[in-house]
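The sequence and structure are shown first.

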Amino acid sequence: MNDLSAARERLAVQQAELLNALLAKGPVPAGFDEQRFDVERRALLSKRRGIVRMLGPAVADELGDRFRPLFDAYAVEHPRRAGSRAREDAAAFADWCRAAGELSEKRKTRWKFWQSN
């Protein structure tokens, strides 16, 4: 293995550790300030939570005050995968909540006339 390949492998490992720490509450990598890192971790979680709330308002409404703690628990267990879509994330969260008994059974979506186009 040449030096460039070894450097790329080290970088890939470091990037995976960084993503694990940011998105799945893994240990903070060496060289990062823990307080600043925690701020960024919370900001990313809040952004993800807001997108899921926007895409699934009925789920958020049904969960009420339970939405935030349930989503945060879900997000730690299920970090976003590369290439996954936000709608898939929102649907997976709803399915996770249903499986845990936190949501009523899935109802058929009723489309409004302005959504049918």
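This is a predicted model: local features need pLDDT of at least 70, side-chain atom pairs count only at pLDDT 80 or more; totals for chains, interfaces and linings use all residues.

An α-helix has 3.6 residues a turn, so residues three or four places apart point the same way.

Across the whole structure, a search finds eight aromatic pairs. In the pair formed by Phe 93 and Trp 96, the ring centres are 6.2 Å apart and the planes meet at 25°, so the pair is stacked. Both residues belong to one aromatic cluster, together with Phe 67, Phe 71 and Tyr 74.

## The nonpolar core

The largest nonpolar core has 15 residues. Among those with the most contacts inside this core are Phe 67, Phe 71 and Phe 93, alongside Val 52, Val 59, Leu 63 and Leu 103. Two or more core residues come from each of H2, helix H3 (57-63), helix H4 (67-77) and H5. H4 gives the most, with five residues. In soluble globular proteins, nonpolar side chains tend to be buried together.

Val 52 illustrates how these elements meet. Apart from its neighbours within four places in sequence, Val 52 is in contact with Phe 67 and Phe 71, and also with Asp 89, Ala 90 and Phe 93.

Which residues of H2 are buried? They are Phe 37, Arg 41, Leu 45, Arg 48, Arg 49 and Val 52. Viewed down the helix axis, the buried residues of H2 fall within an arc of 105°, so they line one face of the helix. These buried residues pack against helix H1 (3-23), H4 and H5. On the other side of H2, the exposed residues are Gln 35, Arg 36, Lys 47 and Met 54.

The length of H2 agrees with expectation: at 1.5 Å a residue, its 22 residues should span 32 Å, and the end C-alpha atoms are 32 Å apart.

## Arg 49, a buried arginine

Arg 49 lies in helix H2 (residues 34-55). With a relative accessible area of 9%, Arg 49 is buried. Once neighbours within four places in sequence are set aside, its contacts are Phe 67, Arg 68, Phe 71 and Asp 72. Of these contacts, Phe 67 and Phe 71 are also members of the aromatic cluster.

## Lys 25 in the loop between H1 and H2

Lys 25 has a positive phi of about 55° although it is not a glycine. This residue is placed in the loop between H1 and H2. Is Lys 25 buried or exposed? Its relative accessibility is 56%, and Lys 25 therefore counts as exposed.

## The protein as a whole

The secondary structure comprises five helices and zero strands, which gives the pattern α-α-α-α-α along the sequence. Of the 117 residues in the protein, 23% are buried. The protein exposes about 9000 Å², of which carbon and sulfur atoms supply 53%. Among contacts with a separation of 6 or more, 40% join residues 24 or more positions apart.

How values were computed:
Residues are numbered from 1 along each chain as its sequence is written. Side-chain values use heavy atoms; hydrogens and water are left out. Rings of Phe, Tyr and Trp (its six-membered ring) pair if their centres lie within 6.5 Å; planes under 30 degrees apart count as stacked, over 60 as edge-to-face and the rest as tilted. Helices (H or I, at least four residues) and strands (E, at least two) are DSSP runs, numbered from the N terminus. Buried means under 20% relative accessible area, exposed over 50%, partly exposed in between (1.4 Å probe, protein chains only). Contact means heavy atoms within 4.5 Å. Accessible areas come from the Shrake-Rupley method with a 1.4 Å probe; for residues, only the protein chains shown count as cover. A nonpolar core is a set of buried Ala, Val, Leu, Ile, Met, Phe, Trp, Tyr and Cys residues joined through side-chain atoms within 4.5 Å. The expected span of a helix is 1.5 Å times one less than its number of residues. The arc is that of the directions from the helix axis to the C-beta atoms.
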